[in-house]
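Opening my notebook on a new structure. I want to look up its charged pairs and its nonpolar packing.

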Amino acid sequence: MSLGLGLPVARPERLLDWAKRADDGPFRTLGLADRLLWDNPEPLVTLAALAGATSRIRLQTEVLLAPLREPTLLAKQAATLDRLSGGRFTLGLGVGGRADEFELVGVDLRTRGRRFDEQLKLMRDIWSGGPVGPAPARPGGPEVLIGGFAEPALDRVARFADGLLCATALSAAGRQFEYVEASWARAGRPGRPRLVGQVTVALGPESTVEEAREQILAYYAFDPQLAAATAGRLLTTPAAIRDAVAEFTALGADEVVCYCWSPDTDQVDRLADVLC
């Protein structure tokens with residue numbers, strides 16, 4: 001079982017310190033979320049900076065909203081980041097669903113699934129020797145993980161990707177894992193998909209926990225039900241975090257990413273102490 005660290009989106013100027021501390025710890029991955037209409041840092045630019053500040057830890061988008069982006073440029077950006085990081089980049093992708101973000105970039109929300117499929121195929125073609133360089137560090141392109149909830153999204157793992165990013169509640173994660181593994185087998189893919197779980201955490205004094213909860217509620221304010229559910233799943237004690245990691249391990253996860261919402265940098269060391 002590997003452990004990842006999801007970076008907070010507030011106060012991006014602190015992320016270099018987060019990355020350097022995590023690089024010295026037990027974590028395999030640094031994950032960063034994507035959203036257009038928010039004051040979060042742009043993931044590919046940020047992870048490129050963090051690649052230069054680290055030497056060991058992997059860098060992962062979690063998830064990049066692909067249909068909002070032009071695919072040829074995205075393929076070039078991802079290959080460049082993979083090269084510059086020495087093959088430490090994982091491209092986590094999702095389809096997105098906020099109408100206001102799609103309207104802002106002039107993309108039809110109703111066709112995002114078809115657009116996403118076309119993007120995934122085009123990027124694989126480019127990484128496998130197309131006319132757009134540079135070639136990625138890993139032959140065939142960086143590791144690709146798909147995040148999603150509905151069956152069409154989960155089926156994309158077997159068709160286009162290396163594994164699943166599971167951001168659903170633990171109670172539903174097992175069903176997602178089973179579905180993806182069955183879809184993988186039906187597609188005749190060798191081996192098994194990489195399965196990555198995610199838990200939402202805030203570890204520290206009450207001010208850290210409160211800041212995390214406020215960040216969640218503000219980030220998801222466009223959907224009050226989702227905001228309440230996400231805040232309700234916030235894990236704030238060592239025992240709760242260890243139990244959730246153990247449950248994901250029992251379900252067959254290869255990695256669990258502990259996603260932090262408070263920018264309190266000392267959480268890196270607290271989580272390392274809890275999980276080691």
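I count a salt bridge when a side-chain nitrogen of Lys or Arg is within 4 Å of a carboxyl oxygen of Asp or Glu. This is a predicted model, so local features need pLDDT of at least 70 and side-chain atom pairs pLDDT 80 or more, while totals for chains, interfaces and linings use all residues. Residues are numbered from 1 along each chain as its sequence is written, and side-chain values use heavy atoms, leaving out hydrogens and water.

Entry: salt bridges. I get 20 of them by this rule. Asp17, Arg21, Asp266 and Asp269 are linked in a network.

Entry: Arg28. Which residue does Arg28 meet in a salt bridge? I find Glu255, at 3.1 Å from N to O. Arg28 sits in the loop between α1 and β2 (29-32) and Glu255 in strand β9 (residues 255-260), so the pair ties together parts 227 residues apart in sequence. (Helices, H or I with at least four residues, and strands, E with at least two, are DSSP runs numbered from the N terminus.) Glu255 is buried at 0% relative accessible area, whereas Arg28 is partly exposed at 23%. My cut-offs: buried is under 20%, exposed over 50%, partly exposed in between, with a 1.4 Å probe and protein chains only.

Entry: nonpolar core, meaning buried Ala, Val, Leu, Ile, Met, Phe, Trp, Tyr and Cys joined through side-chain atoms within 4.5 Å. The largest has 75 residues, and Leu5, Phe27, Leu30, Leu93 and Trp127 touch the most other members. I note another core apart from it, with nine residues, including Leu65 and Phe102.
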